[in-house]
Amino acid sequence: MSTAQVPPVTSIGVPRITAGFDEYGRLDLTAHQDVHGGFAALSSGELIGLADRIELRGRGGAGFPFARKVRAVLDSCRRQDLPPVIVVNGTEGEPPSWKDKAILTRGPHLILDGAALAAAALDAEEIVIGIADDGIGMSSITAALAERRMPCPTRIVTVPHRFISGEGGALVRGINGEAHIPPGRKVRSSDNGVMGLPTLLSNAETYSQLAIAARLGPWEYNAVGIPEEPGTVMLTVGGASSSPAVVEAPSGTPLIDVLNMCGADIGPGLLVGGYHGKWITAEAANDVTISRKGFAKVGGTLGAGMLIPIGSKTCPLGEVSQVVQYLAGESAGQCGPCRLGLPDLARAVTLVSLGGNAVDNVRQAAGVVKGRGACSHPDGTSRFALSALEVFAKDVDAHTNGEGCGKSVKGILPLPYTAETGARKLALDWSRCDGHGLCSAVAPEIIRLDSNGFPAFPQTPLPPWLESGARKAVNVCPALALRLDDAKAAH
């Protein structure tokens, strides 16, 4: 049950979810009960009332009111005369995020408490816990389940550690044995989720917050934080920080206090809310308080609680272009605007980072995909790219003028695949390439033809799931000009 891969966990003020982490490391059932004590079961009405009174919202990014989810599931159960399923989303497939994995590995019983509360209140058929197949948290949550009795059958399902696999619809599909990608149309899990049953789906921190509230009651729970968003927030602070950490802080805490605690070098900007979030300036970061409302005031978003300072030692535009290329590769491939539009967006952002006058191309490509996908992936990717152009305007000018920022790309924004992890990249022998264009026809998600009819593609390591397409493109090249190289050697 090693927790070596999870960043250190700390808190501002009196810890709640992270209580006992310093003393016990990982809380088994005995330690969990010693730190948190017991709680009483709730009826469905009491569960809804508690969630309403503490303003509990989903902590996975969307911030949807938990009480509304419960009401929707109950209505669906009555309408269809079916029992519900409780799903805990602990997949956390976004590379910069660690807060849910911290709870999984250190305080798994809080997650199980919250899921058990909901299952008992709704008389659920089953509890399903979704986690990533990277192995982090598996042994911890398995051991926790073995230590206790749950109110209904409970199982763990692993999903690929990919960005899109943790999307709600993708998780439900994966549990049902289908492809781990979002459905091609809007589907409400409250109506038709796991095994076709009404499904209450929320993320690991949300269920943990519910477990804390059931013990404290609404009055004591609301005594911490700000009135409109009471309680604590789990945050992942990474990027250019000398002491990256998972931090539990009361809502309303000045953002700069959290950043200073982690030794953050903000540099020209700070990414808030993760890779589907937005960039804010260093000046704005000094004025923000940690809350959905606080971030919204400066054009940001709390999202799933990721805070990533870019720092002063890397090329911001180079970092952003690598992430947009990664996000383009994360497309589920089922919506044309996303499958083909996101690579266009990635190429435009990359061109800006390389000194091309392509800012208008970025805006145009973002506009093409915005609002046109079956999930939030194209919208989130566009938001990330467009906010970067605004916050890093000085760098855009410097690159466009041909001077550049004079900095190399340090990899401050984490990616799940790099040269060091054995990823591969496309390379081209320009002396052989005759511009046949077959490669772009075989792998349009990766390769496009430039204005002269020659192939253009990202110069970063390929996602593993795009390697097969790249290999097909290599195989159809009649001039043998295209090849797949080991990214580390090429680097």
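Is Asn 401 buried or exposed? Asn 401 is exposed, because its relative accessible area is 57%; exposed means over 50%, buried means under 20%, and partly exposed lies in between (1.4 Å probe, protein chains only).

## About this model

This is a predicted model, in which local features need pLDDT of at least 70, side-chain atom pairs count only at pLDDT 80 or more, and totals for chains, interfaces and linings use all residues. Residues are numbered from 1 along each chain as its sequence is written, and side-chain values use heavy atoms, with hydrogens and water left out.

## Where Asn 401 sits

Let us stay with Asn 401 for a moment. Asn 401 belongs to the loop between helix 17 (393–400) and strand 13 (424–428). Helices (H or I, at least four residues) and strands (E, at least two) are DSSP runs, numbered from the N terminus. From C-alpha to C-alpha, Asn 401 is 8.7 Å from Gly 356 in space, while 45 residues separate the two in sequence.

## A strand with both faces covered

Now look at strand 2, where six of six residues are buried. On one side are Val 85, Val 87 and Asn 89, and on the other are Ile 86, Val 88 and Gly 90.

Strand 2 also has partners; two strands pair if DSSP finds at least two bridges between them. With strand 3, strand 2 pairs in the parallel sense over six bridges, and Asn 89 stands opposite Gly 130 of strand 3. Strand 5 (residues 199–203) runs parallel to strand 2 as well, joined to it by five bridges. One of these links pairs Val 88 with Ser 202 in strand 5.

## The nonpolar cores

A nonpolar core is a set of buried Ala, Val, Leu, Ile, Met, Phe, Trp, Tyr and Cys residues joined through side-chain atoms within 4.5 Å. The largest one has 55 residues, and those touching the most other members are Phe 66, Val 70, Ile 86, Ile 127, Ile 129, Leu 200 and Tyr 207. Several elements each supply at least two residues of this core, including helix 4 (66–80), strand 2 (85–90) and strand 3 (126–132). Helix 6 gives the most, with 10 residues.

Which residues does Leu 200 touch? Leaving aside residues up to four places away in sequence, its contacts include Phe 66, Val 70, Ile 86 and Tyr 207, where contact means heavy atoms within 4.5 Å. A second, separate core holds 41 residues, among them Ala 328, Ala 358, Ala 366 and Leu 389.

## Charged pairs

Side chains of opposite charge can pair when their charged atoms come close. A salt bridge is a side-chain nitrogen of Lys or Arg within 4 Å of a carboxyl oxygen of Asp or Glu, and the structure holds 19 of them. One joins Asp 134 and Lys 101 (3.7 Å, N to O). This pair links distant parts of the chain, 33 residues apart: Asp 134 is in the loop between strand 3 and helix 7, and Lys 101 is in helix 5. Lys 101 counts as buried because its relative accessibility is 3%, whereas Asp 134, at 27%, counts as partly exposed.

Another salt bridge joins Arg 162 and Glu 330 (3.4 Å, N to O). Arg 162 lies in the loop between strand 4 and helix 8 and Glu 330 in the loop between helix 13 and helix 14, so the pair ties together parts that are 168 residues apart in sequence. Both Arg 162 and Glu 330 are buried.
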